[in-house]
Amino acid sequence: MSTDPQDLGPTDKPGASGAPQPAPSSPDPVSPGPDSGHPPGVIPSSGHAPGHDEHIHPAPRNPLLRYVFSTDHKIIGIQFLFSGLIFFVIGGLLALAIRWQLAWPWSDMPHLSDLLWSAQDGVMPPEFYNKLVTMHGTIMIFFVIIPILTGAFGNFLIPLMIGARDMAFPTLNMLSYWFMWPAFALILYSFAVPGGASEAGWTGYPPLASFFWSTPGSLNGQTIWLMALLFAGVSSLMGSINYITTILMLRAPGMTLFRMPMTVWAMFVTALLQAFALPVLTSALIMQLLDRTVGTNFFTPPDWSVAGGPERVGGGHPLLWQHLFWFYSHPAVYVMILPAMGIVSDIISTFSRKPLFGYKPMVFAVGGIALLGFIVWGHHMFQSGMNPALGATFMLSTMLIALPSAIKTFNWLGTMWGGSIHFTSAMLNAIAFVAMFVIGGLSGIFMAATPVDIHIHDTYFIVAHIHYVLFGGSTFGIFAALYYWFPKMFGRMMNETLGKIHFALSFLFFNGTFFPMHIVGMHAQPRRYADYTGYELFNNDAIIGMNQFMTICALGLGVTQLILVYNFFASLVAGRRATANPWYANSLEWQTASPPPHYNFERIPTVYHPAYEYSLPEFEADYLPQTEPRPSDSEPLDSVMA
Amino acid sequence: MRYWSVLFALVSAIVTATFVYAPFDDDWWLPSYRATNAQSIDTLEGIQAQAPRLASSLVPLRGLDEPADPERLEPLDQTRAWLDRQSALLGQAIQSNFLTTRSRALESQAARARAAVVEARDLLGTPEGSEAIDRAVSGLERFETMAGEALSAVVEPGGSMRATVSTAAGQIDHLYILLLIITGVTFVGVAIALVVVLWRFRAQPGRRAHYSHGSLRLEIVWTVIPAAILVFIALYQLRAWADVKFQGTWPDVRPLAEVTARQFQWKIRYPGPDGRFGTPDDLHTVNDLHFVKDEPTIIHLKAEDVIHSFFLPQLRIKQDAVPGMTIPVLFDARKAGRYELLCAELCGWGHYKMRAQVVVHESQGEFDEWMAQSLREQERSDPTASPASADVAAASGLRVE
């Protein structure tokens with residue numbers, strides 16, 4: 001079932017005969033790419049000899065192979081998108097339940113309380129709150145943000161943006177999606193086992209996580225949680241190997257590394273991060289699984305028992321888990337933000353009609369973040385009992401990692417400066433990404449400063465920070481990507497008016513939900529507390545009032561997403577038909593039909609320049625696709641910036 | 001189109017205003033001393049404010065040479081009732097271990113003043129009446145003075161309650177405010193730039209985007225300046241981190257107690273009068289940590305089951321308690337009074353109610369007195385000194401409604 005172009009028969013070669021033609025529905029005067037070979041001075045970067053471009057598989061006729069067990073990266077991307085969005089709804093509902101409890105502790109949740117806890121007079125038990133926070137974090141990180149950014153957009157965009165017909169390993173790609181299904185099933189099933197879902201936090205710290213009797217969720221739920229994460233991790237690993245290989249081997253002629261769009265660069269670096277960090281998480285998960293099931297003691301101190309349970313021989317150390325877990329999970333933070341950064345860079349450049357400001361510095365910044373990302377994990381452990389001298393070194397590397405993020409922010413502003421900004425839904429969400437990422441980045445400096453972290457560690461200040469990065473950053477990035485590439489994915493336009501309403505309300509409610517968390521966090525309200533009102537510190541009108549305000553905004557934020565759901569599905573069936581290049585963008589995915597044919601491109605395009613040649617003074621049109629050469633009389637591109 | 005920049009400006013302005021307002025509100029700002037002592041401070045402030053008024057209402061009763069009609073006795077009755085109320089409030093302060101020595105003294109002064117008032121009421125109209133009134137007035141004045149002294153021990157001149165209450169808090173808050181200023185200025189700068197960009201460079205017919213790929217000079221500027229600021233912050237904070245966490249910088253003091261965290265309580269063991277752990281005179285308490293004002297205090301932190309975290313928000317101290325490790329923690333408090341100890345690391349279903357009270361005594365004498373009293377109670381309840389029964393009592397008493 002391989003779609004490797006090389007082992008194909010000579011049949012079914014669309015566009016193989018006759019003169020090269022522009023993409024069928026392309027509205028712009030795209031000059032056809034050169035017939036074969038490469039423009040002078042351009043080194044073919046594809047692993048294929050030029051003559052092999054023409055060999056392509058037809059799409060499978062069997063609908064099961066075409067739409068379900070598909071090896072087509074576009075279908076797999078869309079599958080990841082739908083699964084991710086479904087889990088987004090689940091994770092969001094868990095978040096609303098958390099907020100409800102914090103605003104009105106132990107009060108009835110409408111309809112839910114009677115349904116779930118009729119035995120306890122409709123009052124939620126405190127351990128269920130811990131399940132809520134654990135599963136909200138786990139689902140949002142491992143089942144929503146990572147799968148949507150890398151699984152959905154990475155899969156869909158990488159081959160299209162580098163001019164490949166598919167991923168390097170299509171079957172592995174299919175497997176990477178279907179390995180998510182055991183994870184999906186397990187994580188949902190864990191709510192139903194005796195003791196219920198895991199309650200050890202999304203970080204799963206032992207011994208709370210590894211001793212059966214430490215809390216109800218550690219009875220069975222934690223085992224299932226570990227297995228679910230294992231499957232998700234293997235899925236990500238398969239994906240990342242595929243992305244790295246594809247980007248290195250299957251680029252179209254002329255697509256040198258420094259002509260790749262930022263999205264591809266970000267996906268490439270993300271895949272590297274995953275490939276190097278995930279094995280560590282996988283080992284850690286297996287170690288905890290062994291601790292729980294066969295009686296090893298990797299994370300158990302000597303002669304230890306919890307909650308009157310049987311004593312274990314021990315000999316391990318609880319901090320070992322934290323080191324292993326954060327060695328993956330800190331890079332994972334960048335796995336969740338880098339693709340969004342790449343996406344936002346492309347969108348901002350497109351809708352500012354202006355070349356990306358400092359393309360190469362942006363690439364180096366992404367690389368810098370990735371490198372530094374491997375030596376900052378200890379900043380999650382400043383108060384953990386780790387040697388404080390080690391904390392000081394992690395503090396230094398953490399301070400330094402703020403630098404590439406700052407550079408990127410300034411470059412985005414530089415891109416918009418002097419541009420001609422079109423406020424589409426995609427652009428608005430991308431701008432929101434920049435604005436919110438500034439807040440999330442600046443609040444990060446507070447926790448990087450070790451003495452200040454003593455106070456704010458494990459408070460709502462941290463919760464505010466992660467949500468400004470992961471919702472304000474990644475999720476607005478996902479929204480932007482959805483509005484931007486929806487026409488390419490489904491061949492129809494989304495409704496812009498609804499998109500803008502959705503954006504404005506999301507933006508306001510998002511800030512209403514998460515900004516006050518800085519304040520209550522500064523006032524020391526701890527995270528993962530089912531009820532903070534038993535403390536004199538927090539039992540006052542200001543803290544309770546702010547929590548209620550946040551909950552109301554969170555409910556508003558939740559309801560606002562219905563606009564997106566409606567817009568998504570309504571546009572899917574009845575949206576205006578999209579042209580090949582509705583945004584007049586330069587990168588390769590817009591130089592083929594919307595949606596792209598099974599084989600992506602009529603002919604493998606040839607690339608002449610980076611994706612950011614907007615508003616060239618020599619042309620009347622304000623964009624120049626990568627498939628068209630720059631005018632011969634124009635100045636050569638700046639070798640440092642572009 | 002142009003209104004989108006207004007949306008971003010609006011949100012940025014509100015966000016900035018929130019942090020500008022925060023320092024002016026005790027319930028918004030970093031947790032202060034007042035949060036856990038508000039009731040007792042209110043009591044003292046009430047005494048300070050009301051006592052002079054009541055005293056001056058008694059003065060006209062001097063020199064009365066015949067038994068007064070009941071209307072004229074009204075001030076005496078009011079004063080007595082007020083003193084009764086203050087006694088009850090001071091009783092609550094003593095109960096909650098707020099400045100116990102001072103509160104006890106105040107309570108007995110209230111009793112003395114009340115006795116003087118009652119006596120004056122009886123003697124009113126007799127030759128001794130005026131003297132009795134004088135005694136009542138001076139009793140009230142003394143009451144006021146003592147309350148004032150107690151207040152000045154915990155409230156800064158000018159009444160600010162946001163002053164830091166520990167050495168660590170002094171250093172950490174200083175850094176926090178510095179970071180707030182640096183990040184605040186950065187945020188406002190970036191927000192203004194963003195809003196200006198969105199306003200000025202919105203797409204307009206007839207205007208083309210500027211064709212530019214960037215500027216090396218700008219890249220260098222906005223790499224070097226943030227780098228310099230970040231390195232400055234990194235180096236500047238090392239001192240505070242070392243002072244709080246590096247044992248080499250700590251004063252040489254004997255540990256005050258051994259604090260063992262377990263689901264879901266804090267077991268605290270003091271070495272007792274002989275200063276040695278593991279002897280029969282060890283004092284075991286549950287969810288009750290006592291130490292002395294202005295004394296650098298070290299505890300040895302342990303965990304008995306899962307990971308917990310020792311969090312004193314008002315003193316800006318946090319340290320995880322890790323199974324298998326004994327971690328020393330240094331802290332102090334500049335003000336006597338009551339504080340709260342929280343668990344800051346998810347430790348199971350009862351994590352949210354793993355609260356302990358912290359009492360800071362004004363003097364070593366007061367601490368020793370509490371220690372002796374607690375040891376007597378421990379002896380009385382169970383000579384084998386098993387903390388188990390206390391555990392059960394504390395666990396059930398802590399249930400949050």
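Colleague: Which residues touch the most other members of the largest nonpolar core?

Modeller: A:Val366 and A:Ala480 do, in a core of 317 residues. Bear in mind that this is a predicted model.

Colleague: What makes a set of residues a nonpolar core?

Modeller: The members must be buried residues of the listed kinds, Ala and Val among them, joined through C-beta atoms within 7 Å. A:Val366 and A:Ala480 belong to this core. Therefore both count as buried.

Colleague: Which helix of chain A gives the most to this core?

Modeller: Helix 4 of chain A, residues 126–162, gives 23 residues.

Colleague: Why is this core said to lie between domain 1 and domain 2 of chain B?

Modeller: Domain 1 (38–152) and domain 2 (251–396) of chain B both give residues to the core, so it lies between them.

Colleague: Which residues is A:Ala480 in contact with, leaving aside its neighbours within four places in sequence?

Modeller: A:Ile343, A:Val344 and A:Ile347 are among them. To count as contacts, the C-beta atoms must lie within 7 Å.

Colleague: Now chain B. How many helices and strands does its secondary structure come to?

Modeller: Nine helices and ten strands.

Colleague: Why is chain B called more spread out than a compact globule?

Modeller: Its radius of gyration is 29 Å. The globule rule gives 21 Å for 401 residues. The value for chain B is well over that, so the chain is more spread out than a compact globule. Its C-alpha atoms fill a box of roughly 100 × 60 × 40 Å along the principal axes.

Colleague: What share of the residues of chain B count as buried?

Modeller: 44% of the 401 residues. The cut-off is 20 or more other C-beta atoms within 10 Å.

Colleague: What separation in C-alpha centres do the two domains of chain B have?

Modeller: 38 Å. Six residues of domain 1 of chain B are in contact with six residues of domain 2 of chain B. By class, the domain 1 side has two nonpolar, four polar and no charged residues.

Terms used:
Residues are numbered from 1 along each chain as its sequence is written. Chains are lettered from A and ligands numbered from 1 in the order in which they are written. This is a predicted model: local features need pLDDT of at least 70, side-chain atom pairs count only at pLDDT 80 or more; totals for chains, interfaces and linings use all residues. A residue is buried if 20 or more other C-beta atoms lie within 10 Å of its own, exposed if 12 or fewer, and partly exposed in between; C-beta atoms are placed from the backbone. Helices (H or I, at least four residues) and strands (E, at least two) are DSSP runs, numbered from the N terminus. Domain bounds come from an automatic or database domain assignment. Two residues are in contact if their C-beta atoms, placed from the backbone, lie within 7 Å. The radius of gyration is taken over C-alpha atoms; the globule rule is 2.2 Å times the number of residues to the power 0.38. Ala, Val, Leu, Ile, Met, Phe, Trp, Tyr, Cys and Pro count as nonpolar, Asp, Glu, Lys and Arg as charged, and the others, Gly among them, as polar.
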